[in-house]
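Subject: Structure for you to look at

Hello,

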Amino acid sequence: MPILAEILGTGRAVPERILTNQDLERMVETSDEWITERTGIKERRIGDENTTASSLATEAAKKAMEMAGVKAGDLDLILVATVTPDMPFPSASCVVQKNLQAWKAAAMDLAAGCTGFIYGLSVADGFIKSGQARTILLVGVEILTKITDWTDRATCVLFGDGAGAVILQASNNGNGLLGTYLGADGRYGELLFMPGGGSLQPASQQSLDQRLHFLKMEGNAVFKIAVQTMGDSCLKILDRVQMKPEQIDLLIPHQANLRIIQATAKRLKLPMSKVYVNIDRYGNTSSASIPMALDEVRRSEMYRPGMNVLLVAFGAGLTWGSAIVKI
Ligand code: UT7
């Protein structure tokens, strides 16, 4: 059997506080009906002033390590996929390394928007297959509610906070990552971005006045590209690993919009019973959505060892990607 990156353990963490559509009706001009029909979201989790990317990431990581039976000292690499780290630097992964006391581990962040977890899987796969690492912690975490413009109804109803973690380890029992596919197109960068706070528009009174430190999105344009590339990405990875859609036991798509998820399932001719959906409870948690869903599956009765799971995501960059993993 060839060496594969096997997912040995999963974990997730979300803030306790729930923000419902009814709560949002009192904040901006919107309705539960609009949000439910257009997105499938009913509620989302929202952190408080003590919630940071590293705090949720650490909590999720500990649960994944416990399931995997892996100690902090076993970790060779910590990857954190996020666009909302605690601060621009040091990286969130270095803060997680400190929290876990994983002193042997190298650490780096990955910024690929909502596709961050898939990019992270691909990087982890490369490290494991090249022999540079044996045991890797990969976390997708996002505290998007802290960069949400709560006066913009077009975006503030969409996002939530959360973290999902996996432990990947080199193994040869047939389980693990069968392949990944990644894509990007920087020409669409300004369809979904946070313009302020970097070297182009550093923080200033003017950048604050212009509300540049909030997430901005051309939702409708992003929607159309998402529908196309989510479907394309699934077909690309199926082709790459020589599998057919009917061999997939479960599709775990990035949870951005129920209508995008349904369109992706339709393109693959997969029934919705084979598609994992939890957007109603968490909203769009960006790079955390897939590992959070993976953890829910692993800890539920639907989990069967060796099931073939297709993961697919789309996000800021624009980026997209997919993976097939035997979990
Ligand atoms: O995470 C990865 C990247 N993100 C995505 O993949 C998100 C992709 N985009 C979407 O999910 C959808 O485009 C949205 C959910 C963001 C918006 O749905 P839509 O069907 O594309 O709506 P729209 O932007 O075309 O707006 C339709 C109408 C507009 O009113 P008019 O111009 O038709 O009168 C909006 O002003 O809905 C209005 N609207 C709202 N109404 C009530 C926009 N936001 C709201 C709101 N409540 N929260």
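This is a predicted model: local features need pLDDT of at least 70, side-chain atom pairs count only at pLDDT 80 or more; totals for chains, interfaces and linings use all residues.

Residues are numbered from 1 along each chain as its sequence is written, and side-chain values use heavy atoms, with hydrogens and water left out.

The domain assignment, which is an automatic or database one, gives domain 1 (4-173) and domain 2 (178-326), and the centres of these domains, taken over C-alpha atoms, are 14 Å apart. Their contact (heavy atoms within 4.5 Å) takes 49 residues from domain 1 and 46 residues from domain 2. The size of an interface is often given as the accessible area lost when the parts come together. Here the buried area (accessible area, 1.4 Å probe, that two parts lose on being put together, summed over both) is about 3,800 Å², and carbon and sulfur atoms give 62% of this area. On the side of domain 1, R12, C114 and I118 supply 18% of the area buried against domain 2, more than any other three residues.

Between the domains there are three salt bridges, a salt bridge being a side-chain nitrogen of Lys or Arg within 4 Å of a carboxyl oxygen of Asp or Glu. R12 also forms a salt bridge with D295, where the closest N and O atoms are 2.7 Å apart.

The side chain of R38 has an N or O atom 2.9 Å from an oxygen atom of the ligand, whereas G219 places a backbone N or O atom 3.0 Å from a ligand oxygen atom. A polar side-chain atom of W34 lies 3.2 Å from an oxygen atom of the ligand.

Finally, the backbone. Most residues other than glycine have a negative phi, and most peptide bonds are trans. The peptide bond from F89 to P90, however, is cis, with omega near 5 degrees, and a cis peptide bond also joins G317 and L318, with omega about -10 degrees. R211, which is not a glycine, has a positive phi of about 55 degrees.

Best wishes

Terms used:
A polar contact is a pair of N or O atoms within 3.5 Å; within protein, one must be able to donate a hydrogen and the other to accept it, and residues adjacent in sequence count only if both atoms are side-chain atoms.
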